[in-house]
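I open my notebook and go through this model step by step. Each entry records what I looked up.

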Amino acid sequence: MDWPTFSPDLNPIEHVWNMLDRQIVARQPPPTSLPEFRRVMLDEWYNIPQDQIDNLILSMPRRCKACIASSGRHTPY
């Protein structure tokens with residue numbers, strides 16, 4: 001399958017970055033220095049549940065089918 005031009009839906013790491021971003025933004029108080037941000041980032045990275053990663057991987061066939069059906073455009077997944 002050729003990789004569609006406009007399909008971030010097919011890049012699993014983008015979804016992981018989104019999970020990570022939401023967790024960091026929700027932190028109170030937010031990190032205030034680069035070393036603190038790095039520590040928070042690593043803490044949140046290691047706290048992403050493995051089942052969420054597994055579900056993301058298992059969703060890839062469905063995402064590919066949806067992308068093909070939409071001719072490479074945005075999909076609802």
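Is the crossing of H1 and H2 left-handed or right-handed? I looked it up, and the crossing of H1 and H2 is right-handed. I note at the start that this is a predicted model.

**Entry: the overall layout**

I counted the elements next. The chain has 4 helices and 0 strands. Reading along the sequence, I wrote down the pattern α-α-α-α. The chain holds 77 residues, and buried residues make up 26% of them. Among contacts with a separation of 6 or more, 58% join residues 24 or more positions apart.

**Entry: H1 against H2**

I reminded myself how such pairs are described. Two packed helices are described by the angle between their axes and the distance between the axes. H1 covers residues 12-26, and H2 covers residues 34-46. Their axes are 10 Å apart, at an angle of about 120 degrees. H1 and H2 are therefore oblique to each other.

Which residues meet here? From H1, I listed Ile13, Val16, Trp17, Leu20, Gln23 and Ile24. From H2, I listed Phe37, Val40, Met41, Glu44 and Trp45. By class, this contact of H1 with H2 has 9 nonpolar, 1 polar and 1 charged residues.

**Entry: the loops on either side of H2**

I looked at Pro29, which sits in the loop between H1 and H2. A cis peptide bond joins Gln28 and Pro29. I noted omega there as about -5 degrees. This is worth a line in the notebook, because most peptide bonds are trans.

Then I moved to the loop between H2 and H3, where I found Asn47. Is Asn47 buried or exposed? Its relative accessible area is 51%, so Asn47 counts as exposed. I also checked Asn47 against Gln23. They are 24 residues apart in sequence, and their C-alpha atoms are 9.6 Å apart in space.

**Entry: H1 against H3**

I compared the directions of H1 and H3. Their axes come within 10 Å and cross at roughly 150 degrees. That makes H1 roughly antiparallel to H3. H1 passes H3 in a right-handed crossing.

Pro12, His15, Val16 and Met19 are the H1 residues in this contact. They meet Gln52, Ile53 and Leu56 of H3. The residues of the contact of H1 with H3 divide into 5 nonpolar, 2 polar and no charged.

**Entry: two residues of H3**

I picked Leu56, which is found in helix H3. Its relative accessible area is 8%, so Leu56 is buried. What does Leu56 touch, leaving out residues up to four places away in sequence? I found Pro12, His15, Val16, Met19 and Arg63. I took Val16 for a distance check.

Next I turned to Ile57, which lies in H3, residues 50-58. Is Ile57 buried or exposed? Ile57 is exposed, because its relative accessible area is 52% and the cut-off for exposed is over 50%. Ile57 and Pro12 are 45 residues apart along the chain. Their C-alpha atoms are separated by 7.3 Å.

**Entry: H3 against H4**

I looked at H3 and helix H4, residues 60-69. Their axes come within 5 Å and cross at roughly 40 degrees. H3 and H4 are therefore oblique to each other. On the H3 side, Leu56, Ile57 and Leu58 make the contact. On the H4 side, I noted Met60, Pro61 and Arg63. By class, the contact of H3 with H4 has 5 nonpolar, no polar and 1 charged residues.

**Entry: the cysteines**

How many disulfides does a search of the whole structure find? I got 0. The cut-off for a disulfide is within 2.5 Å. Cys67 is in no disulfide either.

Cys64 is partly exposed, with a relative accessible area of 22%. Cys67 is buried, with a relative accessible area of 1%.

Notes: Residues are numbered from 1 along each chain as its sequence is written. This is a predicted model: local features need pLDDT of at least 70, side-chain atom pairs count only at pLDDT 80 or more; totals for chains, interfaces and linings use all residues. Side-chain values use heavy atoms; hydrogens and water are left out. Axes are lines fitted to C-alpha atoms, for helices over the stretch in contact, and angles run from 0 to 180 degrees between N-to-C directions. Angles under 35 degrees count as roughly parallel, over 145 as roughly antiparallel, 65 to 115 as roughly perpendicular and the rest as oblique. A crossing is left-handed if the near helix is turned anticlockwise from the far one by less than a right angle, and right-handed if clockwise. Contact means heavy atoms within 4.5 Å. Ala, Val, Leu, Ile, Met, Phe, Trp, Tyr, Cys and Pro count as nonpolar, Asp, Glu, Lys and Arg as charged, and the others, Gly among them, as polar. Buried means under 20% relative accessible area, exposed over 50%, partly exposed in between (1.4 Å probe, protein chains only).
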